[in-house]
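Grab a pencil and work through these exercises with the model open beside you. Try each task before you read its solution.

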Amino acid sequence: MTSPAGLTASLGRLRARWQAGACLAVLLTALYLVHRHWPTVESGAGRLAVADHGWLLVGAVAAIGTWAASALAQQGAVVPRLPGPRLVAAQFAASAANHLLPAGLGAGAVNLRFLTRCGLPAGRSAGALAVKAAAGAAVRLALIALLAPACPGLLRLPHLSPAAVAVALGVVALAAAPLATPWWPRCRRALAGVVADLRALHACPARAAALWGGSLAFAGLHALVLIAVTRAVGLPLAPLQVALLYLAASSAAALLPSPGGLGSLDAALGLALTAAGTPGAAAASAVLGYRLLTVWLPLLPGLLVLGVLVRRKAL
């Protein structure tokens, strides 16, 4: 008879293989789309090269601000006070690690290690990450609900082929599978733990303000990066429209386990911008600029900071 520890290890390996396979499929699909639409991508890169540098600088400053916002939200997810400089450095390192592993595993591992190094028990550290993720998702949905009436007709469901509908139904079935397994009671207890942690945090107004304020600032600053890039390349979209498109696209991309949303977020942003009437080359330049400021430029420095934190045993 398989021991509980052996069963847990087997399920962990199965989950890792499934995530790796899904990640590979998403990345291969993204590479195929880039190859198929290479003239549009090349034109978008050329347009970005002559973009307004002032607006790109605004986007770069907003991108830097996302790490501080993430640190604020992480502080708000725990009651004990965390060391500020190390917390911000950990968020910078986590953002780089998040682009190497699927489904947020990189950022989760870095933050979990950081919180345990700060003296929090492993269970409480995992709960803090779940609280932060839940607050971030709630903020995004709330912002979409607030902005959608201000931009009527902007969010339209695209025409879906039968194959796409079948894939969507399959994803829903996989998501609902735990409800019919013996693991559901554990999932329910974990969810109850997150709710209990949220209630405990709201007993401390300063922590609640940090959690929700940081989550709001994180989503808003990412939207500002995209707004600045669209201004830099001359896209004729209002800032509220760009913010709504970003929130919808990033929420949809979060359902796919690609590293840092690479591939999934690019496709979702490109689809959202073109569906709003943006020419393909202009949409490609906006997506490339957003990724340049939020992923490619900070990636190497972030990995270097990660190495320094590990060497100093801060992680």
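Before you start: this is a predicted model, where local features need pLDDT of at least 70, side-chain atom pairs count only at pLDDT 80 or more, and totals for chains, interfaces and linings use all residues. Residues are numbered from 1 along each chain as its sequence is written, and side-chain values use heavy atoms, with hydrogens and water left out.

**Exercise 1. Get an overview of the chain.**

Task: work out how many helices and strands there are in the chain.

Solution. Step one: helices (H or I, at least four residues) and strands (E, at least two) are DSSP runs, numbered from the N terminus. Step two: count them, and you get 12 helices and 0 strands. Step three: look at burial, where buried means under 20% relative accessible area, exposed over 50% and partly exposed in between (1.4 Å probe, protein chains only). Of the 315 residues in the chain, 39% are buried.

**Exercise 2. Describe how α3 and α12 pack.**

Task: find the angle at which the axes of α3 and α12 cross.

Solution. Step one: two packed helices are described by the angle between their axes and the distance between the axes. The axes of α3 and helix α12 (residues 280-311) come within 10 Å and cross at roughly 70°. Step three: α3 and α12 are therefore roughly perpendicular to each other (the range for that word is 65 to 115 degrees). Their contact (heavy atoms within 4.5 Å) involves Leu56, Gly59, Ala60, Ala63 and Trp67 on the α3 side, and Leu293, Thr294 and Pro298 on the α12 side.

**Exercise 3. Track down the salt bridge.**

Task: which residue forms a salt bridge with Asp266?

Solution. Step one: look for a side-chain nitrogen of Lys or Arg within 4 Å of a carboxyl oxygen of Asp or Glu. Step two: that rule gives a count of 1 salt bridge. The partner of Asp266 is Arg291, with the closest N and O atoms 3.1 Å apart. Step three: Arg291 sits in helix α12 and Asp266 in helix α11 (residues 264-275), so the pair ties together parts that are 25 residues apart in sequence. Step four: check burial. Arg291 counts as buried because its relative accessibility is 4%, whereas Asp266, at 23%, is partly exposed.

Note on methods. Axes fitted to C-alpha atoms, helices over the stretch in contact; angles between N-to-C directions. Parallel < 35°, antiparallel > 145°, perpendicular 65-115°, else oblique.
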